[in-house]
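This report covers the fold of one chain and its contacts with two others.

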Amino acid sequence: MLKTFSLGGVHPAENKRSANSPVEVLPVPPVVSIPLAQHIGAPAQALVKKGDEVKVGQVIAQSAGFVSANIHSPVSGKVAKVDQIVDASGYRKDAIIINTEGDEWVEDIDRSAILVKEITASPEAIIKKIGEAGIVGLGGATFPAHVKLSPPPGKTCDVLIINGVECEPYLTSDHRLMLEKGEELLVGIRLLMTALNVKKAIIGIENNKPDAIAHMEKLASEYEGVRVQPLKVQYPQGGEKQLIDACMGRQVPSGKLPIEVGAVVHNVGTAYAVYEAVQKNKPLIERIVTVTGLSLARPANFLTRIGTPISVLIEAAGGLPDDTGKIIGGGPMMGKALTSTEIPVTKGTSGILLMPQPLASRKPVDPCIRCSKCVSVCPMGLSPYLLMPLAEKAIWDRAEEENIMDCIECGSCSFTCPSSRPLLDYIRLGKAKVGQIMRSRTATA
Amino acid sequence: MSVVLITIVTLAGLGAIAAVILFLASKKFQVFEDPRIDVVEEALPAANCGGCGFPGCRAFAEALVKADDISSMNCPVGGAPTMSIVAGILGKEAGSAKPQVAVLRCNGSCEHRPRLNNYQGAVSCAVAAALYGGETGCSYGCLGCGDCVAACKFDAMYMDEETGLPVIIEENCVACGACVEACPKDIIELRNIGPKSRRIFVSCVNKDKGAVARKSCEVACIGCGKCEKVCAFDAITIKDNLAYIDYEKCKLCRKCVEVCPTNAIHELNFPPRKPKVEKTEPEKEPVA
Amino acid sequence: MNKLIVSPSPHVHSGDSVQKNMYGVLLALVPALAASVWFFGLGALIVTLTSVLACVLFEHLIQKYLLKKPSTIMDGSAAVTGLLLAFNLPTNIPLGLIIIGAAIAIGMGKMSFGGLGQNPFNPALVGRVFLLISFPVQMTSWPVPIAARGAYIDAVTGPTPLSVVKEGLAAGRPFSELTAEIPSYLNLFMGQMGGSAGEVAGVALLLGLGYMLIKKIVTWHIPVAVVGSIAVFTGVLHLSDPQAYASPLFHLLTGGVLLGAFFMATDYASSPMSKRGMLLYGAGIGIITVLIRIYGSYPEGVSFAILIMNAFTPLIDKYIKPKRFGEKPAVQKA
């Protein structure tokens with residue numbers, strides 16, 4: 001019996017069209033735009049100005065607080081300007097725009113493909129290095145990785161969980177990473193284990209990736225304390241709380257972090273980036289991006305420099321299909337609809353999904369028939385049918401009582417609703433408002 | 001016969017017992033309330049709009065009775081007349097808030113502000129604003145989902161299908177501020193009604209640089225500063241590439257309207273200009 | 001290229017729709033309809049057709065002329081109500097009464113509360129109970145199965161097994177003697193007994209439930225809770241005195257328990273939203289049904305039991321919430 005999480009969940013059509021496309025290295029684009037807000041927390045502060053010469057791997061924007069991250073130049077060339085561009089948020093945000101010239105790297109980066117297995121760094125040195133390298137959660141959440149490696153006082157971690165679930169339909173970047181960079185990934189996991197001082201690591205992989213499970217199991221046998229946990233295909237298994245539940249049977253209490261049950265979760269992409277940062281001294285300047293879609297000519301996985309406009313990736317994958325109705329940054333369940341093809345790839349861009357018409361359009365909204373399907377699929381055991389009208393009518397105190405803040409915004413409710421009601425749209429709004437109210441309450445108390 | 005009698009006696013008895021219980025309960029649980037609250041509430045317009053900052057007229061009446069100084073409290077619906085009546089009842093000094101009306105500081109109609117995307121989320125400005133900047137290149141302008149219209153309790157707003165913008169019906173607007181509260185983009189502002197309802201204001205809140213703003217919307221304020229220079233009363237300030245007209249200082253001379261290169265400054269309820277001037281004027285926009 | 005669509009996530013949809021669910025229920029009712037036509041012939045056809053058409057028509061008229069809203073009869077919900085109403089009527093009932101029942105079901109039971117999804121009570125049952133109270137004679141004359149096939153109003157009528165047993169037990173006769181006067185359990189299960197149009201054939205209703213479970217139109221909670229609680233309650237009574245109380249199997253197979261448990265109690269709008277709530281609601285229906293049957297004056301009690309529990313649904317939803325994630329205490333290592 002395969003393990004999975006205990007409550008709710010859905011199973012959208014997987015459509016992993018690019019699962020068998022090996023990772024290709026995308027050529028360095030002529031211009032990159034690097035938003036300063038690529039992570040959760042304070043936007044980084046630009047260190048360069050117009051006209052500055054930069055090299056690949058050079059810090060161009062500095063972390064602006066504990067929850068923030070450095071940003072490194074993904075290309076070598078000249079800074080064209082520091083200006084506002086429309087990024088994935090749909091708003092104009094500060095960004096550094098660099099015109100590429102050649103491909104000159106900072107000298108102390110080890111660009112060879114030699115596997116460095118031996119771990120020499122101390123836990124503190126590893127965490128410091130991860131912070132310096134600007135590594136954030138590469139699964140899409142973009143939470144600065146070094147913060148998660150520093151448990152709050154009084155809390156200890158006993159298991160590291162590595163998220164290789166990739167429960168989002170269409171996306172295959174983590175899948176390819178596990179197949180092609182398994183050894184490096186495992187060294188990265190060992191580094192994270194050292195940093196956290198834990199003896200056990202579990203790699204959770206859904207069993208729609210049997211090749212990845214087999215490959216990782218074979219490799220992991222040589223790494224003490226690391227094991228692979230095959231999981232039943234069920235969305236949203238990649239959610240932190242769901243994955244901990246699935247792998248360990250521990251449920252993180254409401255409003256608490258995974259550390260409460262002694263677990264820390266990192267994505268496989270993050271673990272690989274940690275390997276590169278610590279063993280190869282290479283900061284986070286590129287990532288694997290799945291470019292896919294039902295009518296795309298050549299769905300692919302590209303190793304892409306941060307800041308590359310998505311139009312370049314789409315072109316490399318066979319060009320934008322005529323019937324494209326929507327472009328999504330990330331997966332179809334939690335990804336963000338993008339407003340144009342000029343938006344750059346950022347640290348959190350796990351995929352570019354092109355949705356053809358008419359799939360891209362939402363269906364007309366019908367009245368709620370109280371079928372209770374949203375309640376059945378909610379992985380957090382909430383009542384979306386109730387939360388939506390509460391948020392719509394701005395009844396924030398009731399929404400808080402109904403635990404709106406527990407929502408992980410997985411979208412299972414909206415996905416399932418036979419009446420196509422925009423449940424999550426309003427619940428997300430309600431979460432923002434209730435969060436605001438709760439913060440102002442603790443501030444005044 | 002006796003059945004009828006018994007019935008009458010029983011019911012009358014029950015009624016009497018209930019009456020006694022009610023009487024005792026009302027004595028025992030009586031809450032003292034300042035009788036002036038009722039009188040003040042009578043004087044208020046009973047619109048329960050919340051424009052005064054209190055949840056309903058009753059709460060406002062309680063607050064008025066309780067407050068030592070009511071000069072800073074105002075009922076936007078009743079305005080000065082109502083407040084002076086209330087002040088008379090309470091023997092306090094009424095404030096001198098000028099009557100206001102809501103204005104829409106965005107003129108990015110479909111024609112002026114080309115749509116670049118097609119929004120399909122929940123029909124709510126709040127949801128759309130949390131998602132992205134809007135269907136057009138302007139991330140400050142009206143999203144057109146009508147949260148303000150839904151918030152208006154006085155039938156003073158409607159969505160103009162043609163322009164995609166809400167319209168404020170001045171006669172109905174009581175300046176309760178519900179729409180101002182509802183708008184996630186802070187486009188709607190309460191401004192003094194002004195003499196003969198004449199008002200001049202910048203119908204734009206775009207803080208992008210001039211070129212960017214102009215590209216996304218034909219009638220955007222580009223922060224060029226021409227209005228600031230031409231204003232003889234220091235009523236106009238430019239901040240973050242955006243002009244703002246202080247309605248307390250504005251003398252309604254209309255010079256700024258003439259110099260604005262993008263027609264972002266609007267004048268309301270002025271008589272038509274002399275024909276000579278009118279030629280250079282663009283067609284009057286459907287404004288709110 | 002067209003303008004790119006922008007919307008909040010999720011960007012995919014399961015493809016489920018109101019229509020799919022409603023037509024799914026209709027399809028699930030087809031076996032019962034076939035059984036009904038087999039046993040009651042012409043009468044079943046006339047009653048079903050009239051009821052469905054009348055319900056759909058009333059919904060259309062009310063939406064179009066009274067509410068001045070676009071008509072939504074194509075969503076199939078009115079047809080479901082019509083079919084369920086027909087299934088709860090005897091097959092020799094006059095046309096006029098069906099139409100009155102349909103008007104009450106749609107007009108009072110559904111549209112007056114705001115239409116689809118807003119009705120606090122099961123509309124078909126509202127119509128049925130209205131008819132039962134207003135026209136008790138017509139509503140309790142039951143055509144004899146198979147024998148009444150060719151006839152409609154003038155069909156040969158006879159008592160239902162439930163009334164035979166109820167009257168017999170009330171007269172002090174032992175249950176074992178009464179079983180000789182009613183069809184065998186197998187015949188009861190196959191539906192060869194007097195009763196409402198759609199309630200007789202347990203086997204057909206079970207087929208329908210199976211279809212709905214596979215298609216995930218309903219979950220098992222309510223049907224199992226209703227059937228289970230009736231079985232347990234009557235089982236305890238039967239064991240305490242096998243002659244004074246009928247057997248659980250007899251109770252389950254007669255008087256529309258299965259139709260009620262599978263199709264009426266599971267009505268989306270009038271049943272609770274959480275799994276725990278559904279179990280409680282189902283158990284409540286079962287217990288009230290048995291109470292009415294054994295201690296009340298009606299031989300049959302499912303309709304009333306469902307309507308009573310419908311009234312408790314908002315209360316159940318308020319106090320019985322779904323099981324939350326993280327509800328079980330966190331396992332913190334020592």
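The model is predicted: local features need pLDDT of at least 70, side-chain atom pairs count only at pLDDT 80 or more, and totals for chains, interfaces and linings use all residues. Residues are numbered from 1 along each chain as its sequence is written, while chains are lettered from A and ligands numbered from 1 in the order in which they are written.

The C-alpha trace of chain A spans about 65 × 50 × 50 Å along its principal axes. Chain A holds 13 helices and 17 strands (DSSP runs numbered from the N terminus: helices are H or I, at least four residues; strands are E, at least two). Of its 445 residues, 59% are buried, meaning that 20 or more other C-beta atoms, placed from the backbone, lie within 10 Å of the residue's own.

|---|---|---|
| A with C | chain A: 59 residues | chain C: 37 residues |
| B with A | chain B: 13 residues | chain A: 13 residues |

On the side of chain B that touches chain A, helix H5 (residues 125-131) of chain B gives the most, with 4 residues.

How values were computed: Two residues are in contact if their C-beta atoms, placed from the backbone, lie within 7 Å. A residue is buried if 20 or more other C-beta atoms lie within 10 Å of its own, exposed if 12 or fewer, and partly exposed in between; C-beta atoms are placed from the backbone.
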